[in-house]
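Subject: Structure for you to look at

Hello,

Here is the structure I promised to pass on. Please open it first, then read my notes below.

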Amino acid sequence: MSQPVINENTLETVKATAAVLEERGTEITSHFYKRMFNNHPELLNIFNQTNQKIGRQPKALANTVLAAAKNIDQLETLLPVVKNIAHKHRSLQIKPEHYPIVGENLLAAMQEVLGEAATDEVITAWEEAYNVIADVFISVEKEMYQEAEEQDGGWEGFRTFTVVKKVPESDVITSFYLRPADGGSLPLFEPGQYITIKADIPGEDYLHLRQYSLSDAPNRDYFRISVKREEGGGQAPDGIVSTFLHRHMNEGDSLELTAPAGDFYLQEGSRPVVLISGGVGLTPLMSMFNTLAEDPSRPVTFIQTAQSRNLHALHEYTSRVADINPHVSYHVCYDTWTEAEEKDPYVQKEGYLDAEWLQSLKLDEEADYYFCGPLPFLRAVNRILKKELHIPADRLHFEFFGPAADIEE
Ligand SMILES: Cc1cc2nc3c(=O)[nH]c(=O)nc-3n(C[C@H](O)[C@H](O)[C@H](O)COP(=O)(O)OP(=O)(O)OC[C@H]3O[C@@H](n4cnc5c(N)ncnc54)[C@H](O)[C@@H]3O)c2cc1C
Ligand code: HEM
């Protein structure tokens, strides 16, 4: 990435005002979203309305714009973060023409929230900064669109798939096997990547886009996703897309998908691999596991945690793979056991995963570690691996099934 040229005065103004914006960042972006959706209700077909309701997305965008602005004279340091977001944007089909809409509404929101403090000089400087940041995103995303379309079996936009098989994997997780309706070939994605589904649900005012990790190895003649049914409770309604898929999406039905994306994937090389999942977080790791199970030269250990046996997906399958492959190790931890688990050689821990149990497994210190699950799980695993097993940070890779979140404790 070449460093964009930015005017000295702009740089000074942006840096001088970043702290004020940081203080009121969430307020500004919350106002920005309301404003933007009022002016452009068509964008409600793209943005995740649940993230809006529970306040997850405003924080993620606010933090990124500020982080980018503070580092505007050395944007290359943010490239990994930009790429991660750009994968999500590409998967959601965010296009260059969307950026001026965000820019215009963000700047107007700044003015409306900050009042007199937002002088013309300040707004002009932030406009220039936003345009520089937006150009970086647009150029990174342009390459990603080209790659997704031009690879073998790749495509542009959404492609129609047919559900060829629907398999319950646990009381709450069901797999959907998908083949392109056009009969064409599939691209070789990286194990760990996800697709976006566009759900047009009867009775809903807008479309709903959701990401699902591909849960089988890349070299199959289908894509598989494994979806947890998110049931509501208390004030929370049922999850919109996951319950729709479970209840109404059956063999023969169609789904619209964008091409695989994401930067959480199995790194090439010869290092051993340790995979650690919490609940439905096993899906991207299962894709890595199935890839490695076919490669006897690379030892793989899969540690799966779940609340209980009936909520644990793909256990019999993983046990069978471990039974017949000497380079595969498998260990399971349930919050609570029943008698049946006492006879299962792979179910080895009751309660929460902890440092003592992980140490007892004698995991390879030279391995790459991949983990995925709910936030408290990610935070605990990150702390244990870093602080108690002393695994260097550059060998830890994780994914959270929501907008970027901090897992450092
Ligand atoms: C990269 C990535 C990969 C993913 N891979 C998978 C995967 O392999 N398998 C999988 O199952 N999921 C995966 N997800 C999660 C998935 O994208 C969806 O977020 C998930 O299915 C829930 O979507 P939904 O529409 O059913 O629920 P939503 O309607 O989005 O609701 C989400 C949750 O919020 C609660 N909620 C809704 N409204 C409120 C409210 N007003 N107050 C309080 N709570 C509320 C709901 O009860 C529900 O539990 C992945 C996500 C990402 C980002
Ligand atoms: C420079 C400008 C932008 C920045 C800094 C930015 C930043 C972000 C960040 C940090 C995330 C969360 C990533 C994650 O899920 O981990 C995100 C997601 C997202 N962005 Fe952007 N973004 C920008 C422009 C846009 C534009 C122009 C659009 C479309 C109008 C857009 C639409 C989305 C959507 C739909 C999501 C998914 C999250 C959700 O639906 O709640 N973004 N962006």
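Helices (H or I, at least four residues) and strands (E, at least two) are DSSP runs, numbered from the N terminus. This is a predicted model: local features need pLDDT of at least 70, side-chain atom pairs count only at pLDDT 80 or more, and totals for chains, interfaces and linings use all residues. Residues are numbered from 1 along each chain as its sequence is written, chains are lettered from A and ligands numbered from 1 in written order, and side-chain values use heavy atoms, without hydrogens and water.

**Around the ligand**

Ligand 1 is surrounded by 24 residues (a heavy atom within 4 Å). Gln211, Tyr212, Pro237, Ser242 and Thr283 are the closest. Strand S4 (208–213), strand S5 (223–228) and helix H8 (240–248) each give the shell at least two residues. S4 has the largest share, with four.

**Polar contacts**

These are pairs of N or O atoms within 3.5 Å. A polar side-chain atom of Ser242 is 2.6 Å from an oxygen atom of ligand 1. For Val241, a backbone N or O atom lies 2.8 Å from a ligand 1 oxygen. The Arg210 side chain also places an N or O atom 2.8 Å from an oxygen of ligand 1. The protein buries 84% of the 980 Å² that ligand 1 exposes when taken alone (Shrake-Rupley method, 1.4 Å probe).

**Strand S5**

Five of the six residues in S5 are buried (under 20% relative accessible area, 1.4 Å probe, protein chains only). S5 runs antiparallel to strand S2 (residues 173–180), joined by six bridges (DSSP pairing needs at least two). Leu178 stands opposite Phe223 of S5.

Best wishes

Key
Polar contact = N/O pair within 3.5 Å; in protein donor to acceptor, adjacent residues only side chain to side chain. Buried < 20%, exposed > 50% of the residue type's maximum accessible area, 1.4 Å probe, protein only.
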